[in-house]
Structure formats: structure tokens, C-alpha cells
Amino acid sequence: RRVLFRSVYPQIDPQHPATLSRRVLHDILRWEWGYDGVVITDALMMKAIFERYGYARAAVMAIQAGADMILAQGSLAEQGASIDALRDALSAGELTLAQCQQASARLDRLAMAYPVRHEDYAGARRAQDHQLMERAWAAGLTALRGARPPARNAPVRVLVQSQVPTDGVCEAGPSGAQLAELFQGFSDARIDFVDDLRNLDWSTIPADGRTNIVASTHRMRYGQAVQDWQPDLHLVLWNPLQALDLPVPTIVTWGHADGALQALRSWLEGRLLPSARAPVDLEPTRRQAFPGG
């Protein structure tokens, strides 16, 4: 068995989320309920923990509270900081050897009960699964309001955010460089990188005859920020509700995994005809139902 906590219960512990609460993990879960299984934290990169405690301190607090394993995501450096923090806490006496040994024993029991089989996931099986996922992403590509790909010899301008870092709620989005790769087959594609697409001033876009394409690679809604925008095409790779914010021809990929990007590239190059229908109403007449995002 395993338990994963992330919520805040102010009547039990008004100071800490359950992941870091000794009152929740040790007093209630371990002693009152008698649970002796594995406790794994939620991601320590989540906003409520990372912004208040940081990776390193949160890792130590979680083990002190009664967790057995921390979920330290982020870069290798950030993951390493969590490991270093645990090592330093043990040396400084903030964590006891008995606590660490007990957590290790629980993890060992879990590993014995559910052994991992190290199989080489490659060859024909991997290729078949990869092809299946590619077909699924392609089948989900959705065109709205008569969206059509620009001619590959036409001059186009792609407006895309250069980077979409994690915000502590969701993972990082695709980079501007990844979007630029989708237009390698175009003879005259200009990629304009912006720091934050929501702050784009449309009056700065030159009227030079290029087909203007906005690529939304973040999760936030635009609200009134785009009321003056006039793109010829909108590529929505994250939040499908962004299609409500711009009443223009739109392609929705429903995600930005490799298969989604490949399906979008196939459509841009005229090799894929979108056949999916949106499971929710994404027509701009509904935008008043979503004021401001």
C-alpha cells in the first residue's frame, strides 16, 4: 500500500500542507490509523510548497513528518539539491538514522511485494506502440472555423513564446524552438519569439503581406489582452479554451507531446486532414461564459 498527500487541512494543521505535516502523517496516519505502508509525497515542485519552502527544505520536512519517499522533480540540479539536503539534515541531526532506516525498510517491503521487471522496451513492440500513439494524436487534431494550412511557399510569420517554464502547477510547455521545427518545410517562414505572448502588442506586427500565425504553447487564458489581435491562424497546443479567446481559424492539438507536434506538422505540410470534433463548445460566441480566463 502507499499513500500520497498534497492537500491542506487547516483544522488539523493550519501551518503545513499534509505532505509536510507531522500532525497528519505521523500522528494521524501512523499512530491513530495504524498505517505502516509507504507514504510518497506529491511533487515538491508544486507552487504551494516550492514558493514557500523550496525543494531542499521541503524534502527534509517531508521525511521529518513521516513520509518515506519524496517526489523531487525539476532539473537534475534541483533533484540533487533535495538529496544533498537530506544528507546534510542527517549529518546535522535534523533527521535520525532510525527515521531513514524505517523509511528504507518500508520501501524495501514495497519493492519486494511489487518487483520491477527490467525489460528492454524496444524493437517491434516499442515501434508498434509509438505508431499507435501517433495515429491517436493525428485522429484528435481538430480544425475550427475553416482552418487551413498556409501554402508552403507563402511568406508566414509565427508568433510564439520562446520558453514556457513550469509555473508550479503544470509542467513546462514546448519551446519556441520546437515550434520553429514544424515550419522547416516552408520556404519563407519567419519565427518571432516573444518573452510572454500575453503581452504581445499587435500594433507592432508589420502589415507586410505575411500570413500571421499565433502559436499558444502555455496554459493561461488571454482574456481582454487579445481583443485587438488579428492573426490569420491560431495554433492551440495547450489549453483548448484559448480557442474561445481568438475568433479566427484555429487548430487544436489537445496537447504538446511528440505525437501531437508531429500531427500538427503533417497538417501544416498538407499531409493530414483533421477529422476530429471538439468534445466541448469552442466557438467564440461562448467566450462571455469564460470572462478573463
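Q: Which residues are linked in a network of salt bridges?
A: In this predicted model, Arg157, Asp188, Arg190, Asp192, Asp208 and Arg210 are joined in such a network, where a salt bridge is a side-chain nitrogen of Lys or Arg within 4 Å of a carboxyl oxygen of Asp or Glu. The structure holds 17 salt bridges.

Q: Before going on, what should I know about the numbering and the cut-offs?
A: Residues are numbered from 1 along each chain as its sequence is written, and side-chain values use heavy atoms, with hydrogens and water left out. Because the model is predicted, local features need pLDDT of at least 70 and side-chain atom pairs count only at pLDDT 80 or more, while totals for chains, interfaces and linings use all residues.

Q: What does the protein chain average in pLDDT, and where does it stay under 50?
A: The average is 89, and 95% of the residues score at least 70, pLDDT being the predictor's confidence in each residue, from 0 to 100. Over residues 286-293 pLDDT stays under 50, and for that stretch the model has 11 contacts beyond four places in sequence, a contact meaning heavy atoms within 4.5 Å.

Q: Which parts of the chain does the pair of Asp36 and Arg109 link?
A: These two side chains meet in a salt bridge at 3.2 Å, N to O. The pair links distant parts of the chain, with Asp36 in the loop between H1 and strand S2 (38-43) and Arg109 in helix H4, 73 residues apart. Asp36 is partly exposed at 40% relative accessible area, and Arg109 is partly exposed at 43%.

Q: New topic: how many of the residues of helix H7 are buried?
A: Helix H7 (residues 258-268) is mostly covered, with 8 of its 11 residues buried, among them Leu261, Leu264 and Trp267. The buried residues of H7 pack against helix H5 (123-140), H6, strand S8 (233-236) and strand S9 (250-252).

Q: And what follows H7?
A: Gly270 follows H7, and its phi is positive, near 80 degrees. Also in this part of the sequence, Glu269 and Arg265 meet through their side chains in a salt bridge at 3.1 Å, N to O; Glu269 is buried, with a relative accessible area of 13%, whereas Arg265 is partly exposed at 26%.

Q: One last thing: where is Cys170 found, and what is it in contact with?
A: Cys170 is found in the loop between strand S5 (156-161) and H6, and Cys170 is partly exposed, with a relative accessible area of 22%. Leaving aside neighbours within four places in sequence, Cys170 is in contact with Met45, Arg219 and Trp238. The C-alpha atoms of Cys170 and Lys47 are separated by 9.4 Å, although these residues are 123 residues apart along the chain.

Key. Helix = DSSP H or I, 4+ residues; strand = E, 2+ residues; numbered from the N terminus. Buried < 20%, exposed > 50% of the residue type's maximum accessible area, 1.4 Å probe, protein only.
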